[in-house]
Amino acid sequence: MNRPTVVLFFILVGCLVGSAPVAGPAAATDGAVELENALSRSTTEGAIDVETRLSIPSSTAELEITLPEGVELLETDGFRRVGDRTYEWTQATRTPSVTYEYEGTVYGSRGDREGHFFVAANEWALVRTPGIDVSWRGTGSELDRTNTVDGEGVASTHMAYLGPYDEYTGAAAGQEFRLVVPESAELREDPEEIVAALETAAERLSIGEPTDEVLVVAAPTAEHAWAPAGLQRGNGGDIWVRDDERLGTDRDTWVHEYVHTRQRYRTTDKTRWTIEGIADYYAALLPYEAGDISYERFRNKLEEGADNEYEDIRLVEPETWAGTDADYERGALVFAYLDGRLRADAETTLDAVAARVNDPDSELTQRRFLDAIESAGGDEMGADVERYTETTAVPPVATQRERVDAFGGPDIRYAIESITISGPYRTASVDDPRLVVDETLEVAVVAENVGDDAGSFEAEFRSDGDLVASETGRLEPDESTTLRFSNAFDSPGKYEIAAGTERLTVPVEEPSDIEVAGLEAEPTTVAPGDPITVRATVASAADRPGAGEVVFEADGGPVATESVRVGEGTATVETTIEFDEPGTYTVSAGGRTATVTVEASEPTVPDPAVIDDQSGFGPAVAVVALSFAATLGVRRR
């Protein structure tokens, strides 16, 4: 029995099926329609050039494409315009193309922050890839899309970078990671550590199936301000993060954006908050689990969701939190509460619930969200989450003990045991460190595992974010160890010191001037030419160590200069002087004075009897000797 030929009419709108980039589509005789967007730099400021090339199989009879809004048409080959942005295939060639300028720079706001979302700069571009709507009539039903870059650059499904770059790669949990660092970017973190953090997040999270590849671009910040700290685009693994973002913070942007690549579900207005809320929760939880932040910082991050700014918001009503970060902060607080309850009361996790609702083919309604929670944790837990999302009620934040009871595992805590200042001025233990230039800060930190399981730790010592030293180890439950770190300061400023998860603000100033607090001479009465020690007692002129010079003067003229440093209390400095002439002299230093008396020596007169007894001496010689001695007493100085 003969069957009639079935001709199908397919309309695909915004379908983004990724595949490996190719040089360009070749004419196909059968099979899929192939579409390639070739991106290149444009001479128009803020734009890029795109050539959209198609390969149309012989099984296709008709085809139309619709370009994105706002494009500037440059050239067509094998297409004719039939609408505002719609072009019909003329069938003159099976490899038609259309070339146009596409908006590269996108500026806007995120919450209360304004800045760029994408940039087409003079030397580089970080841009969206264009979404081309395609409809055709034929027996084939597939559309294969690729994006490529003409010249240096890299293109993925939803995002592209044009320009010179370095690339770092990794793999974990079935995913390939590509970190693209533009030549204009200045990463604050080591690129290998960024890749390692993404790999750790991939292995830790089980909230949904990962994409095959994650493209991460470090967005240059030297000359451009970005509205968000990072951005994930499309239903896949394309993200950018500002090049100055840190790892291991209580809102780790690298982790936050990676979480978005694992979210596949579609939201309603009532569940829109879950997108940012769960990403923000994991962006704090994973650094805490890794020991990068203390429970205090983790708790403080969650408590932001209870801020008075959000007292009137209801998460299921986006209009109540529009223009705020409530979906991030209150959302993270709700998910933290839910995760703790699931672990403590139901022996399951937020990961499991998230995986259950993370279906790209289903819409996540409020009812489906609550049903998943009730199925995992019971009606009471579902009712609590309903109250915390549909009213202004705020969930509590768990104490650290409650958290360990619920989550288990190692729990490494850090506490500063002692702070010591050493250097040329002093060696002293202090509670609130305040240093001067050339002094060294020494910090002893106790690391203690208060959890139920043994675990490893890595404690870093940083000054203003720069790594100074690190210590690693492993602690059994209830075991502790003392770590010692030090840093010398050679310039003034206010330094943020991190020792493990402990934080200190350390002011460093220039040394103070000095002042002379007292002056003494010893002895105060001498003969001409005898040495005199002049001793100055010196103190700092302010409430910090001081340094300077003490100038000793005698009768108004300088006789010696001595350098001195003073820490706590006073210091002494001295010099030796002498006077040749009898008299009363004033010595001084720093406005302090002392008086010295120089007395003439009595002349020594020979005994005439002794002289007479000497051979060759007689009374006449004795008279001459007495006269000569008198003359000597007048000359002596």
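Me: Where does Gln-91 lie?
Reply: In this predicted model, Gln-91 sits in the loop between strand 7 (86–89) and strand 8 (97–103).

Me: And what is its phi?
Reply: Gln-91 has a positive phi of about 70 degrees, although it is not a glycine.

Me: Is Asp-478 buried or exposed?
Reply: Asp-478 has 64% relative accessibility, so it counts as exposed.

Me: Switching to peptide bonds: what should I know about the one from Glu-522 to Pro-523?
Reply: That bond, from Glu-522 to Pro-523, is cis, with omega near -5 degrees. Pro-523 is in the loop between strand 32 (514–522) and strand 33 (525–526).

Me: Let's zoom out. How many helices and strands does the protein chain have?
Reply: The protein chain has 11 helices and 39 strands. There are 637 residues in the chain, and 48% of them are buried.

Me: And what share of the contacts comes from residues 24 or more positions apart?
Reply: Taking contacts in the protein chain with a separation of 6 or more, 64% are between residues 24 or more positions apart.

Me: Now cavities. How many are 30 Å³ or more?
Reply: The structure holds 1 cavity of that size, 30 Å³ or more. The largest cavity has about 110 Å³ of space in it.

Me: Which residues lie nearest the centre of the largest cavity?
Reply: Tyr-265, Ile-278, Phe-335, Ala-354 and Val-357 do, out of 14 lining residues. By class, the lining has 11 nonpolar residues, 3 polar and no charged.

Me: Which helix gives the most to that lining?
Reply: Helix 6 does, with 4 residues. Helix 3 (273–289), helix 5 (326–346) and helix 6 (350–357) each supply at least two.

Me: Last topic: at what angle do helix 7 and helix 8 pack?
Reply: Helix 7 (residues 366–377) and helix 8 (residues 379–390) pack at about 145 degrees, and their axes are 7 Å apart. The crossing of helix 7 and helix 8 is right-handed.

Me: Which residues make the contact?
Reply: On helix 7 they include Phe-369, Leu-370 and Ile-373, and on helix 8 they include Met-381, Gly-382 and Val-385. The contact of helix 7 with helix 8 has 5 nonpolar, 4 polar and 4 charged residues.

Definitions and conventions. Residues are numbered from 1 along each chain as its sequence is written. This is a predicted model: local features need pLDDT of at least 70, side-chain atom pairs count only at pLDDT 80 or more; totals for chains, interfaces and linings use all residues. Side-chain values use heavy atoms; hydrogens and water are left out. Axes are lines fitted to C-alpha atoms, for helices over the stretch in contact, and angles run from 0 to 180 degrees between N-to-C directions. A crossing is left-handed if the near helix is turned anticlockwise from the far one by less than a right angle, and right-handed if clockwise. Contact means heavy atoms within 4.5 Å. Ala, Val, Leu, Ile, Met, Phe, Trp, Tyr, Cys and Pro count as nonpolar, Asp, Glu, Lys and Arg as charged, and the others, Gly among them, as polar. On a 1 Å grid over the protein atoms alone, a cavity is a set of points where a 1.4 Å probe fits but cannot get out, and a pocket is an open set with protein on both sides within 12 Å along at least five of seven lines; lining residues have an atom within 4 Å of a point. Grid points are joined across faces, edges and corners, and a volume is the space filled by probe spheres set on the points. Buried means under 20% relative accessible area, exposed over 50%, partly exposed in between (1.4 Å probe, protein chains only).
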